[in-house]
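Visitor: I would like to learn how to read a protein structure, one feature at a time. Where do we begin?

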Amino acid sequence: MRPLREWSLEARRRICGVFTDIDDTLTRDGEIEPAALDALASLQAAGVTVIAITGRPLGWSEPFARRWPVAAIVPENGAMAVLPDGSRRYLQPQAERARNAERLREVAARILREVPGATLARDSAGRETDIAIDHSEFSHLSPEAIEQVVALMRSEGMQATVSSIHVNGWFGDHDKWRGACWVARGLLGADLAAEVDRWAYVGDSTNDQLMFRHFPHSIGVANIARFLPQLEHRPHYVTEGERGAGFAEVARALLEARSKRAS
């Protein structure tokens, strides 16, 4: 990883939008940091599209989609999108979501039976397409227990990923990258895969590494340091500040490039 200051001015000038994780990228202890909120507003005012993509559930994301200056929030690792007017768009058809719901409940029950100390995330009531096991938000699971949860989910045919706070599992072929491509096409008419050099991604943990792999302009906020030994794909750049302060550094770098282009 290279310091963010080495991100070239020419590359920054080309950026038209930002995808960003939420937990521990924009937030601290579940609350958005003022520096991150100000940065979102500044990017929006400058015409830079920002879409937040997260493992958090639909119910948790809806109020923030209305209040934060973002184009959309994509919850549950790419399964859906919530727009600022409160409307929803789903990747899977309703019949498929209904079929998966019972399977999700069965897997969740098995995890709680078989993994000592495992608890459902407190935001589980707002989830429609996945399950989340808390490992660091309000409960603590050892690395071994986290690995057991992931292995159990995958043995049931689920996709599984580990964020800074939860282990998420779901049925379907979607993930953060596919969700980002789907939303960019549906909301903006953009072919993200073809235009990815015009977008940046900001994240902080292991469940961001798929995005780090796909985005040439990928940035980790400084608190990603605790996950580095577990990352197969690392971000290309890293900020000096942690969490919201790190995201604000990214925003300043983009806005600086735009001001120099204008002058």
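Guide: Begin with contact, which means heavy atoms within 4.5 Å. Not counting residues up to four places away in sequence, Thr129 touches Glu76, Ala79, Met80, Gln92, Arg97, Leu104 and Trp170. Two notes on the source: this is a predicted model, in which local features need pLDDT of at least 70 and side-chain atom pairs count only at pLDDT 80 or more, while totals for chains, interfaces and linings use all residues. Residues are numbered from 1 along each chain as its sequence is written, and side-chain values use heavy atoms, with hydrogens and water left out.

Visitor: Where is Thr129 placed, and is Thr129 buried or exposed?

Guide: Helices (H or I, at least four residues) and strands (E, at least two) are DSSP runs, numbered from the N terminus. Thr129 is in the loop between α4 (94-114) and β9 (130-134). Buried means under 20% relative accessible area, exposed over 50%, and partly exposed in between (1.4 Å probe, protein chains only). Thr129 has a relative accessible area of 4%, so Thr129 is buried.

Visitor: Which side chain joins that of Thr129 in a polar contact?

Guide: A polar contact is a pair of N or O atoms within 3.5 Å; within protein, one must be able to donate a hydrogen and the other to accept it, and residues adjacent in sequence count only if both atoms are side-chain atoms. The partner of Thr129 is Glu76, and the contact is 2.5 Å. Glu76 lies in the loop between β6 (72-74) and β7. Its relative accessible area is 0%, so Glu76 is buried. Glu76 also has a positive phi of about 50°, although it is not a glycine.

Visitor: How are aromatic rings described?

Guide: A pair of aromatic rings is described by the distance of the centres and the angle of the planes. Rings of Phe, Tyr and Trp (its six-membered ring) pair if their centres lie within 6.5 Å; planes under 30 degrees apart count as stacked, over 60 as edge-to-face and the rest as tilted. A search of the whole structure finds 8 aromatic pairs. In one of them, Trp60 and Phe64 have ring centres 4.7 Å apart and planes at 55°, so the pair is tilted.

Visitor: Where do Trp60 and Phe64 lie?

Guide: An α-helix has 3.6 residues a turn, so residues three or four places apart point the same way. Trp60 and Phe64 both lie in helix α3 (residues 58-67), 4 residues apart, about one turn of the helix. Elsewhere, ring pairs link Phe19, Trp177, Trp199, Tyr201, Phe212 and Phe215 into a cluster.

Visitor: What is a nonpolar core?

Guide: A nonpolar core is a set of buried Ala, Val, Leu, Ile, Met, Phe, Trp, Tyr and Cys residues joined through side-chain atoms within 4.5 Å. The largest one has 36 residues, of which Trp7, Val18, Leu26, Trp68, Ile73, Ile219 and Phe247 touch the most other members. Its largest share, 6 residues, comes from α8. A second, separate core of 26 residues includes Cys181, Trp182, Phe212 and Val238.

Visitor: How far apart are the end C-alpha atoms of helix α6?

Guide: The expected span of a helix is 1.5 Å times one less than its number of residues. Helix α6 (residues 176-188) has 13 residues and should span 18 Å; its end C-alpha atoms are 17 Å apart, which agrees. At the start of α6, a side-chain oxygen of Asp175 reaches to within 3.1 Å of the backbone nitrogen of Trp177. After α6 comes Gly189, whose phi is positive, near 70°.
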